[in-house]
Amino acid sequence: LYELMSQPNTEVMTVSHYSQMAMMYYIPCLVNKEIKFFYSPTKEVPVVKDINNSILRQLISENQRFFFMISANRYTKNPTNVIKAFRVFAKRHPEYLLVTVGYPKSVHPNHVALPILTESDLEYAYKHAFALIFASFFEGFGYPPIEAMRYGTPVLASNVTSIPEVCGDAATYFS
């Protein structure tokens with residue numbers, strides 16, 4: 001890989017300024033090479049009329065207020081700390097739920113663990129969430145905040161890696 005990347009006829013591209021800088025840091029042969037970055041394009045998701053997941057359908061039909069976290073099955077998304085912090089929050093605000101996608105099971109009464117959702121159901125969840133929690137430790141780009149913002153859903157996001165670059169001043173950040 002290093003040999004290929006250091007060739008003069010090789011162009012290197014990535015999805016954010018953050019990942020551009022990380023590549024130069026971790027791959028020393030790229031320090032003197034131009035690395036171009038292009039932000040990822042958004043995707044069009046055809047939203048079907050019915051919500052496939054029965055739990056999500058019930059939450060939305062009952063106008064339940066929920067914070068939303070996706071990819072909670074991945075360590076880098078920081079689900080353990082989100083769930084721990086939400087447990088404290090729920091003691092003061094029991095009317096709110098934390099809905100996670102991909103986490104193996106619900107771990108307290110205010111936590112609803114959903115399986116991986118269809119693209120259309122995911123759009124419904126973004127649209128109806130009280131806020132998206134995006135506590136990721138590492139992102140090269142980070143689609144979920146943009147997908148939530150498309151519906152005017154507030155975003156609470158970690159202040160590391162590419163996230164502030166992608167979200168700008170449209171998110172509320174935490175450490």
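1. Among contacts in the protein chain (heavy atoms within 4.5 Å) between residues at least 6 apart in sequence, 54% join residues at least 24 apart. This is a predicted model, in which local features need pLDDT of at least 70 and side-chain atom pairs count only at pLDDT 80 or more, while totals for chains, interfaces and linings use all residues. Residues are numbered from 1 along each chain as its sequence is written, and side-chain values use heavy atoms, with hydrogens and water left out.

2. As to overall dimensions, the C-alpha trace of the protein chain spans about 60 × 35 × 30 Å along its principal axes. The protein chain contains 7 helices and 8 strands, where helices (H or I, at least four residues) and strands (E, at least two) are DSSP runs numbered from the N terminus. Of its 175 residues, 46% count as buried; here buried means under 20% relative accessible area, exposed means over 50%, and partly exposed lies in between (1.4 Å probe, protein chains only). The accessible surface comes to about 10100 Å², and 57% of this belongs to carbon and sulfur atoms; areas are from the Shrake-Rupley method with a 1.4 Å probe, and for residues only the protein chains shown count as cover.

3. The largest nonpolar core has 26 residues, of which L56, F68 and L117 touch the most other members; such a core is a set of buried Ala, Val, Leu, Ile, Met, Phe, Trp, Tyr and Cys residues joined through side-chain atoms within 4.5 Å. Two or more residues each are given to this core by α3, β3, β4 (96-101), β5 (111-114), α5, β6, β7 and α7, and the largest share, 4 residues, comes from α5. Leaving aside neighbours within four places in sequence, L117 is in contact with N53, L56, F68, V101, L122 and A125. Apart from this core lies another, of 14 residues, among them M69, L98, A113 and A135. In soluble globular proteins, nonpolar side chains tend to be buried together.

4. The buried residues in α5 are S120, D121, L122, E123, Y124, A125 and Y126, and they pack against α3, β3, β6 and α6.

5. The structure holds 3 salt bridges, a salt bridge being a side-chain nitrogen of Lys or Arg within 4 Å of a carboxyl oxygen of Asp or Glu. In one of them K36 pairs with E11, with the closest N and O atoms 2.9 Å apart. K36 lies in strand β2 (residues 35-37) and E11 in the loop between α1 (2-5) and β1 (12-14), so the pair ties together parts that are 25 residues apart in sequence. K36 counts as partly exposed at 29% relative accessibility, whereas E11, at 53%, counts as exposed.

6. A salt bridge also joins the side chains of E139 and K77 (2.3 Å, N to O). E139 is in the loop between β6 and α6 and K77 in the loop between β3 (65-69) and α4 (79-92), so this pair ties together parts 62 residues apart in sequence. Both E139 and K77 are buried.

7. E123 forms a salt bridge with R150, and the closest N and O atoms of this pair are 3.0 Å apart. The pair links distant parts of the chain, with E123 in helix α5 (residues 119-128) and R150 in the loop between α6 and β7 (155-158), 27 residues apart. E123 is buried, with a relative accessible area of 2%, while R150 is partly exposed at 39%.

8. S162, found in the loop between β7 and α7 (163-167), is buried, with a relative accessible area of 0%. A polar atom of the S162 side chain lies 3.0 Å from the backbone oxygen of F141. Not counting residues up to four places away in sequence, S162 touches S16, Y18, E139, G140 and F141.

9. F137 lies in the loop between β6 (131-134) and α6 (143-149) and counts as partly exposed at 35% relative accessibility.

Notes: Polar contact = N/O pair within 3.5 Å; in protein donor to acceptor, adjacent residues only side chain to side chain.
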